[in-house]
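Please keep the sequence and the structure in view while reading.

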Amino acid sequence: MAVLADMLIALGLLLTTLGVVGIYRMPDVYTQLHASGKAAFLGTLAFLAAAAVAGQGAVDARAILIALFLVLTTPVSAHVIARASHARGEPLASPGATDESSRDPA
């Protein structure tokens with residue numbers, strides 16, 4: 001079980017690191033948000049799985065509750081940040097990106 005927990009921690013570190021790299025490499029706030037949100041969510045789930053594998057019943061229950069909280073709040077917070085960025089007029093810098101939610105039909 002200790003080897004599985006170590007592998008899950010390594011996976012969590014890899015995913016979290018990829019999220020940080022994605023923040024620096026992506027051209028606009030929308031793609032940065034996607035990279036950071038997915039990587040942070042999946043990395044944290046890997047850490048929680050490692051804690052559940054290595055822990056007792058109380059740790060398992062807490063890990064499940066934290067994972068459930070993340071499943072419910074991560075998409076909502078990413079959506080709110082994206083809407084606020086769009087309302088501020090943040091441009092799309094990705095090549096070939098189009099704003100399909102524009103209020104000004106052209």
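The count of salt bridges comes to one, where a salt bridge is a side-chain nitrogen of Lys or Arg within 4 Å of a carboxyl oxygen of Asp or Glu. The model is predicted, and local features need pLDDT of at least 70, side-chain atom pairs count only at pLDDT 80 or more, and totals for chains, interfaces and linings use all residues. Residues are numbered from 1 along each chain as its sequence is written, and side-chain values use heavy atoms, with hydrogens and water left out.

The salt bridge joins the side chains of Arg-88 and Glu-90, at 3.5 Å from N to O. Side chains of opposite charge can pair when their charged atoms come close. The table gives the relative accessibility of these two residues and of Ser-85, a residue of helix α3. Buried means under 20% relative accessible area, exposed over 50%, and partly exposed in between (1.4 Å probe, protein chains only).

| Residue | Relative accessibility | Class |
|---|---|---|
| Arg-88 | 70% | exposed |
| Glu-90 | 30% | partly exposed |
| Ser-85 | 10% | buried |

Not counting residues up to four places away in sequence, Ser-85 touches Val-29, Tyr-30 and Glu-90; contact means heavy atoms within 4.5 Å.

Helices are DSSP runs (H or I, at least four residues), numbered from the N terminus. Helix α2 covers residues 29-54 and reaches 37 Å from its first C-alpha to its last, close to the expected 38 Å; the expected span is 1.5 Å times one less than the number of residues. Its buried residues, among them Tyr-30, Leu-33, Phe-41 and Leu-48, pack against α1 (2-25) and α3 (57-88).

Which residues make up the largest nonpolar core? They are Phe-41, Leu-48, Ala-63, Ala-67 and Leu-70. Helices α2 and α3 each supply at least two residues of this core, and the largest share, three residues, comes from α3. Such a core is a set of buried Ala, Val, Leu, Ile, Met, Phe, Trp, Tyr and Cys residues joined through side-chain atoms within 4.5 Å. Leu-48 touches Ala-63, Ile-66, Ala-67 and Leu-70, again leaving out residues up to four places away in sequence. In soluble globular proteins, nonpolar side chains tend to be buried together.
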